[in-house]
Amino acid sequence: MTWVALAGFMGTGKSRIGWELSRRLSLTFIDTDRVIERVSCMRVADIFEVYGEQVFRDYETEVVRRCLRLDEVVVSTGGGTVVRGENRALLASRGPVVVLEAGPDTIYKRTRRTKRPMLEIGDPRERITKLLGERTPLYHDIATIRVSTDGRNSSDVVEEIVQKLWEWAGREAI
């Protein structure tokens with residue numbers, strides 16, 4: 001396994017699981033949101049506030065494009081990366097893509113203490129449910145593997161991902 005992407009809604013554990021998965025597979029960890037923050041010298045929330053979602057999504061697409069050229073990496077994407085068809089196509093072309101899933105209550109509990117631009121509009125629980133409903137088919141569209149993180153510790157999730165990746169790799173080799 002030389003390249004794996006993680007996708008999923010905010011608060012599903014992509015950064016934490018991605019980092020642990022990269023250690024487990026002896027690969028380099030790349031978090032696309034952190035790359036955007038470093039290159040722009042701004043926090044994601046500030047990019048949204050100052051320049052808007054469109055500019056952030058442009059940055060995101062460029063970072064995804066560049067990540068495709070890398071080997072020996074686990075790439076953790078932002079929760080909204082899948083809203084652009086171009087990003088879905090790029091990720092699926094390199095694959096595998098592991099989609100992490102969690103229910104709205106879990107997502108709310110995990111995100112309520114951090115500033116999330118997409119949850120700044122109205123009631124956060126309602127917004128989570130609405131966005132999750134819109135994005136779930138997009139996540140499913142690119143998923144090589146789907147894993148729930150609801151009520152689970154990260155090491156168990158990582159072990160399930162590793163097992164499913166080896167099973168996937170075995171099928172791909174045939």
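User: What makes the lining of the second largest pocket nonpolar, polar or charged, by class?

Analyst: Keep in mind that this is a predicted model, where local features need pLDDT of at least 70, side-chain atom pairs count only at pLDDT 80 or more, and totals for chains, interfaces and linings use all residues. Residues are numbered from 1 along each chain as its sequence is written, and side-chain values use heavy atoms, with hydrogens and water left out. Ala, Val, Leu, Ile, Met, Phe, Trp, Tyr, Cys and Pro count as nonpolar, Asp, Glu, Lys and Arg as charged, and the others, Gly among them, as polar. The lining has I30, V35, I36, V39, S40, Y59, E62, V63, R66, C67 and L70, so by class you get 8 nonpolar, 1 polar and 2 charged residues.

User: Which element gives the largest share of that lining?

Analyst: That's α4, with 5 residues. Helices here are DSSP runs of H or I, at least four residues, numbered from the N terminus.

User: Why is R24 with E159 called a salt bridge?

Analyst: The label needs a side-chain nitrogen of Lys or Arg within 4 Å of a carboxyl oxygen of Asp or Glu. For R24 and E159 the closest N and O atoms are 2.7 Å apart, so the pair qualifies. R24 sits in helix α1 (residues 14-25) and E159 in helix α8 (residues 154-173), so the bridge ties together parts that are 135 residues apart in sequence.

User: Are those two buried, exposed or partly exposed, and how do you know?

Analyst: Buried means under 20% relative accessible area, exposed over 50%, and partly exposed in between (1.4 Å probe, protein chains only). R24 comes out at 41%, so R24 is partly exposed. E159, at 38%, is partly exposed too.

User: What makes E86 and R65 a salt bridge?

Analyst: Their closest N and O atoms are 2.3 Å apart, so they pass the cut-off. This pair links distant parts of the chain, with E86 in helix α5 (residues 85-94) and R65 in helix α4, 21 residues apart. E86 has 37% relative accessibility, so E86 counts as partly exposed, and R65 gets that label at 31%.

Definitions and conventions:
On a 1 Å grid over the protein atoms alone, a cavity is a set of points where a 1.4 Å probe fits but cannot get out, and a pocket is an open set with protein on both sides within 12 Å along at least five of seven lines; lining residues have an atom within 4 Å of a point. Helices (H or I, at least four residues) and strands (E, at least two) are DSSP runs, numbered from the N terminus.
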